[in-house]
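Dear colleague,

I am passing on the structure that follows, together with some notes on what was found in it. Please read the notes with the model open beside them.

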Amino acid sequence: MFGEFSASRPGQGSGFVYGPTAGAYMQTSRHLGLTARGSILREGSAIHVYEGLLGPRISAHLPRFTLYGEGLGGLGHAGYQVPTPTGNGIASGWGLAWQLDAGLDHHILPHTDWRVVELAYGKVYTGRTVTSTTISTGLVIHLF
């Protein structure tokens with residue numbers, strides 16, 4: 001299981017949105033696994049991105065470190081700017097979403113890793129496509 005603090009730049013001149021990301025992954029072999037994750041990124045801007053994603057994971061285990069990559073798909077809800085007669089307004093909608101992640105975990109205690117950094121790039125297809133670049137850090141707890 002993992003919990004992260006994430007900062008995402010969803011474009012459209014909105015700056016960054018912040019919030020938690022949580023999920024779990026299961027290694028099905030030494031290098032392959034499956035990840036499920038959800039994000040609620042809504043602080044810091046009127047724009048927001050919520051996602052629930054699932055997909056394959058590949059990892060390389062080094063002494064005290066793990067490098068990994070993920071390709072995920074699922075559903076997302078995003079807010080985006082729309083022109084109005086008085087300026088810009090905010091609209092939102094549900095749509096398909098995908099995300100590519102790459103990260104580095106550092107083994108700090110038995111059954112505990114520090115997720116030093118995770119970088120992600122993804123899209124949510126709503127009334128207007130929202131493209132996000134995200135950076136995260138957090139903790140990973142190994143149950144097995």
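The chain contains zero helices and eight strands, where helices (H or I, at least four residues) and strands (E, at least two) are DSSP runs numbered from the N terminus. Along the sequence the order reads β-β-β-β-β-β-β-β. Please keep in mind that this is a predicted model, in which local features need pLDDT of at least 70 and side-chain atom pairs count only at pLDDT 80 or more, while totals for chains, interfaces and linings use all residues. Residues are numbered from 1 along each chain as its sequence is written, and side-chain values use heavy atoms, with hydrogens and water left out.

As for overall dimensions, the C-alpha atoms of the chain fill a box of roughly 60 × 25 × 20 Å along the principal axes.

Turning to charged side chains, the structure holds nine salt bridges, each being a side-chain nitrogen of Lys or Arg within 4 Å of a carboxyl oxygen of Asp or Glu. One of them joins E4 and R37, whose closest N and O atoms are 3.6 Å apart. Because E4 lies in strand β1 and R37 in strand β3 (residues 32-41), this pair ties together parts that are 33 residues apart in sequence. Both E4 and R37 are buried.

Another salt bridge links the side chains of R115 and E118, at 3.7 Å from N to O. R115 counts as buried at 1% relative accessibility, and E118 counts as buried at 2%. Salt bridges that share partners join E4, R37, R57, E70, D101, D105, R115 and E118 into one network. A further salt bridge, between R42 and E43, has an N to O distance of 3.8 Å; here R42 is partly exposed at 47% relative accessibility, and E43 is partly exposed at 48%.

Two of the arginines in the network also lie over aromatic rings, a term used if NZ of Lys or CZ of Arg is within 6 Å of the ring centre and within 35 degrees of the ring normal. R57 lies over the face of Y25, at 3.7 Å from the ring centre, and R115 lies over the face of F2, at 4.7 Å from the ring centre.

Finally, a search of the whole structure finds three aromatic pairs, which are rings of Phe, Tyr and Trp (its six-membered ring) with centres within 6.5 Å, counted as stacked if the planes are under 30 degrees apart, edge-to-face if over 60 and tilted for the rest. Among them is the stacked pair of F5 and Y18, with 6.1 Å centre to centre and 15° between the planes. F5 lies in strand β1 (residues 2-9) and Y18 in strand β2 (residues 17-27), so the pair ties together parts that are 13 residues apart in sequence. F5 is partly exposed, with a relative accessible area of 49%, and Y18 is partly exposed at 33% relative accessibility. Together with F16, these two residues, F5 and Y18, form one aromatic cluster.

With kind regards

Terms used
Buried < 20%, exposed > 50% of the residue type's maximum accessible area, 1.4 Å probe, protein only.
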